[in-house]
Amino acid sequence: MFLIAHRVMTKDVFDLPEFISETRTCQLTGDERRIYNEMDKDMCTAIADGVVTAQNALVKLLRLQEITSGYLDGQPIGESKKKLLADVLEDFDRKEPIVIFARFTNDLSAIKQVAESQGRSYAELSGHVNELSQWQIGNKDVLGVQIKSGREGVDFTRARYSIYYSLGFSLGDYEQSIKRLDRPGQLRPGMYIHLLAEESVDFKVMQALTKRQEVVSSVLDQYREVSSS
């Protein structure tokens, strides 16, 4: 195909403002850490409503990621990351437009609670809700986005700051989410802020995405290396 085609990169065609990436971390505490360690080691753990198990390694990764967000099987178990988000948002003016990406429905509920507790209006773009137009015209301050919904064909250039509350396992979804802000129409330099729970799967997923690796196999390989060492 490239015998008759010419390829150029976006950065070589458009003079876009610079975006930088930053990581902010929190510690899992109390039940969060106990439940995380039990799920990580035994693939099962006890919560208030009963015992939760993981049938295979992929389900285990999903469960661990849920735990870092403060939920498991739909039940709240802690607020470490929720408090971290509140701290990060306090650094921004209340009317600054901000996009917050997340994987799980419970994450979006937590984001809405934090935003509204600080007097910020909230809109959502997910598999169930589409309030993007309200945010784009300036009626809402914070846009919570389910990462698979914030892919091709949507424009978030009203914002120059995005926060990743939780990450998916798809490199393609992640790279597309970045391009929703860093694209033609963006006039201001910006920042991507990743919220990660220390000593957790969050860092393994972030490492795989940074290295542009296939996330699930990369994370499982990291666990195998730890087990064999």
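Guide: Axes here are lines fitted to C-alpha atoms, with angles from 0 to 180 degrees between N-to-C directions. Keep in mind that this is a predicted model.

Visitor: What makes helix 2 roughly antiparallel to helix 3?

Guide: The axes of helix 2 and helix 3 (residues 57-68) cross at roughly 175 degrees, coming within 10 Å. Angles over 145 count as roughly antiparallel, so helix 2 gets that label against helix 3. On the helix 2 side the contact uses E32, I35, Y36, M39 and D40, and helix 3 brings K60, R63, L64, I67 and T68.

Visitor: How do you know that R33 has no salt bridge?

Guide: R33, found in helix 2 (residues 31-42), has E199 as its nearest side chain of opposite charge, 4.9 Å away. A salt bridge has to be within 4 Å, and R33 is left without one, although it is buried. Leaving out residues up to four places away in sequence, R33 touches L28, E198 and E199.

Visitor: Why are strand 1 and strand 7 said to stand at the edges?

Guide: The open sheet of six strands runs in the order 1-10-9-6-8-7, with parallel pairing. Strand 1 (19-26) and strand 7 (122-125) each have a single partner strand, so one side of each lacks a neighbour in the sheet.

Visitor: What makes strand 9 and strand 10 a pair?

Guide: Pairing takes at least two bridges, and four join strand 9 (residues 161-164) to strand 10 (residues 190-197), running parallel. Across that pair, I163 stands opposite I193 in strand 10. Helix 7 (residues 171-179) packs on the sheet, touching strand 6 (98-102), strand 9 and strand 10.

Key. Residues are numbered from 1 along each chain as its sequence is written. This is a predicted model: local features need pLDDT of at least 70, side-chain atom pairs count only at pLDDT 80 or more; totals for chains, interfaces and linings use all residues. Side-chain values use heavy atoms; hydrogens and water are left out. Helices (H or I, at least four residues) and strands (E, at least two) are DSSP runs, numbered from the N terminus. Buried means under 20% relative accessible area, exposed over 50%, partly exposed in between (1.4 Å probe, protein chains only). Lys and Arg count as positive and Asp and Glu as negative; His and the chain ends are not counted. Contact means heavy atoms within 4.5 Å. Angles under 35 degrees count as roughly parallel, over 145 as roughly antiparallel, 65 to 115 as roughly perpendicular and the rest as oblique.
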